[in-house]
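Reader: I would like a close look at a single part of this model, with the cut-offs behind each term spelled out as you go.

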Amino acid sequence: MKFRPVYISLFIFIVVGLLAALAAVFPKEGIQIGDITLRFPSLQEFLCVNEKDTVSDDTPSPEELLALQLAQMRSEEEMPFISFFTYSPERICFPQTDSTAAGMGDSTYLDGVYRALLQADTAKVHIVHYGDSQIEEDRITLILRRRLQERFSGNGVGLLPLYQSVQTRTVGQHTTPEPTRYMVYGMPSMRRQNNLYGPMGQVAILDTTIRVSITPRSKMTGLYSAHYADLLTLLTHSENPVCATVQGQRHTISPNSNPLQFTTIQLKDSTTRLNLQLSGKGDIYGILLEGRHGVNIDNIPMRGCSGTVFTGINRDQLSTYFQQTNTRLIILQYGGNHVPSLHSEMRIQEYISNITKQIEYLHSLAPEAAILFIGPSDMSTRYHGTMQTYPVLPGFEARLARAVTHAGAAYWSLFNAMGGQGAMLQWVKTGLAGSDHIHFTAKGAEKAGDMLYQSLMTGFDYYLWRQATYCPVDQNPTKDQ
């Protein structure tokens, strides 16, 4: 059967018209059916019309441009620190207060941390790094710890759980038998009836004899300060005596009324290998390995967590830990796990509100500590047939930064430090991130840790400069003012 050319042309025009009509009315964000999102090209795409470029969230605001102009007006002797004031994706954004200049934030916010670092050769300085699976295996934290201990002294790997489900790159840990554990994050079946989870958000139940061996994984990192420990502190809570045998020496932990009990045991020699045996009944919240002075950093990953769980941990346990360890900086690195589920404005607002509550809660428990929030990295997903940054991520990350700084904490944009929108594709190509386009490789985690360290040290250099500039010349700027 033959068709006349006019009929064929008419048929084509009808099909094109129907497709164009469908493109005009089909939702831009697509239609969600279970885990599948059905999308259709927009009318502009259908007609091959390029939309005008939109303004990036990385574009400086008028307030930031004003701050840049004010910085550039400073004298030449202040020039080494101009980059600290200018709009830079690597810089730390400080808390916004009523008394701070527009767009600048409170640049003195981390001064307490820097003062403590200057005194680390004679006193302990503790940093706690909480995060999601992006910091699992001691990633990112490892480099930050190593750099700070090299510059300001210190040793020890920080706080470890009684049972390590995922081995870190710093130390190997073998625990037998595997104890019953409860966690404030993860599967609901892992919750306990009370909120006694301790500073790591997890607790191991001691109800038999448990043996733990800890050894350095020096083939991965080289033997360095974190592998040596002078002090071992057990974090426990028990109504009965607990027997702890450390390096063959027996110690009895008597019960008391504290919700988080500290038992510190001095090791005979600064050691790289450790054997521990626990007997009795009670809650074990962690094993803290540290030096007698200097910097120590805990790596506390919470796989699958969005960082909204701290209000579910007993406040007395958290405040006791922060005070006893002289915690001066709490790092929170979250947001990535929530990005794929941000399908509505309500969900974005809900998450940001929950993060604000966590910051306020931690501030109330550790008033002497500064809080630094690290937002999500760039993450890629398949969108319109190609791998690209999650569409919601740039705007969400910028709003998260504003909310965090207005809540009184500092913010460091890992997203911008990586290179901003689309950076993950390049990180994957160069071996800095995995094929899931979400997690860093060991090499990428080291780069991220170095960038974080450099950002903190830029602030430290600025702190030293301010002390030398504004303090009387007969005062020593390396001492607590």
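In strand 18, which residue is the bridge partner of Leu332? Please continue from there to the sheet around that pair.

Author: The bridge partner of Leu332 in strand 18 is Phe373. This is a predicted model, in which local features need pLDDT of at least 70 and side-chain atom pairs count only at pLDDT 80 or more, while totals for chains, interfaces and linings use all residues. Residues are numbered from 1 along each chain as its sequence is written, and side-chain values use heavy atoms, with hydrogens and water left out.

Strand 17 (residues 327–333) and strand 18 (residues 370–374) run parallel and are joined by five bridges; strands here are DSSP runs of E with at least two residues, helices are runs of H or I with at least four, and both are numbered from the N terminus. Two strands count as paired if DSSP finds at least two bridges between them. Strand 17 is also joined to strand 4, again in the parallel sense, by six bridges, and here Leu332 is the bridge partner of Tyr130. Strand 4 (residues 124–131) pairs in turn with strand 16 (residues 294–301), in parallel and over eight bridges, with His129 standing opposite Asn299.

These strands belong to an open sheet of six, with the order 3-21-18-17-4-16 and mixed pairing. Strand 3 (92–93) and strand 16 stand at the edges with a single partner strand each, so one side of each is left without a neighbour in the sheet.

Helix 5 (residues 111–118) packs on this sheet and touches strand 4, strand 16, strand 17 and strand 18, where contact means heavy atoms within 4.5 Å. The direction of helix 5 makes about 125° with that of strand 17; axes are lines fitted to C-alpha atoms, for helices over the stretch in contact, and angles run from 0 to 180 degrees between N-to-C directions. Helix 8 (residues 315–324) also packs on the sheet, touching strand 4, strand 16 and strand 17, and its direction makes about 140° with that of strand 4.

Seven of the eight residues of strand 4 are buried, a term that means under 20% relative accessible area, with exposed over 50% and partly exposed in between (1.4 Å probe, protein chains only). In the largest nonpolar core, which has 96 residues, Leu110, Tyr130, Leu332 and Phe440 touch the most other members; such a core is a set of buried Ala, Val, Leu, Ile, Met, Phe, Trp, Tyr and Cys residues joined through side-chain atoms within 4.5 Å.
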